[in-house]
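Me: I am new to reading protein models, and I would like to go through one slowly with you. Could you show me how to read its features one at a time?

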Amino acid sequence: MALDTDRVLIDGGNIISAGELMSWSDLGLKLVSRFLEPVVMAQTARLMLVDPPGREQRKRHKG
């Protein structure tokens, strides 16, 4: 599996990695989606007032 540093959450099947300050919420929502349903994950994200997983973590470079 190749590392994609532009992604907040990397799902390699049996291994899921999250790498930012609030990544615990992304990881938790990913697990809810995997073991329940994406609809339940979206409802949970709304309840928690967080964006659902899938956004990027690209840093903007000045230059």
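Predicted model: local features only at pLDDT ≥ 70, side-chain atom pairs only at ≥ 80, totals over all residues.

Me: How do I describe the way two helices lie against each other, and at what angle do the axes of H1 and H2 cross?

Reply: One looks at how close the axes come, at the angle between them and at the handedness of the crossing. The axes of H1 and H2 come within 7 Å and cross at roughly 150°, which makes H1 roughly antiparallel to H2, because angles over 145 degrees count that way. The crossing of these two helices is right-handed.

Me: What is the idea behind a salt bridge, and how many are counted here?

Reply: Side chains of opposite charge can pair when their charged atoms come close. In this protein the count comes to 2 salt bridges. In one of them the side chains of Lys30 and Asp11 meet at 3.2 Å, N to O; Lys30 lies in helix H1 and Asp11 in strand S1 (residues 9-11), so this pair ties together parts that are 19 residues apart in sequence. Asp11 also meets Arg34 in a salt bridge, at 2.6 Å, N to O, and since Arg34 is in helix H1, that pair joins parts 23 residues apart in sequence. Through shared partners, Asp11, Lys30 and Arg34 form one network.

Me: Which residues form a nonpolar patch on the surface?

Reply: The patch consists of Leu21, Met22, Trp24, Leu47 and Met48, which together have about 630 Å² of accessible area. Leu47, a residue of helix H2, is exposed, with a relative accessible area of 74%.

Me: What can the backbone angle phi tell me about Leu49?

Reply: Most residues other than glycine have a negative phi. Leu49, however, has a positive phi, near 60°. Leu49 lies in the segment after helix H2 (38-48), and at 76% relative accessibility it counts as exposed.

Methods: Residues numbered from 1 in each chain as written. Heavy atoms only, no water. Helix = DSSP H or I, 4+ residues; strand = E, 2+ residues; numbered from the N terminus. Buried < 20%, exposed > 50% of the residue type's maximum accessible area, 1.4 Å probe, protein only. Patch = residues over 30% accessible without salt bridge, like charges linked within 9 Å, V, L, I, M, F, W, Y side chains within 5 Å. Areas by Shrake-Rupley, 256 points an atom, 1.4 Å probe, with all protein chains shown as cover. Salt bridge = Lys/Arg side-chain N within 4 Å of Asp/Glu carboxyl O. Axes fitted to C-alpha atoms, helices over the stretch in contact; angles between N-to-C directions. Parallel < 35°, antiparallel > 145°, perpendicular 65-115°, else oblique. Left-handed = near helix turned anticlockwise from the far one by under 90°.
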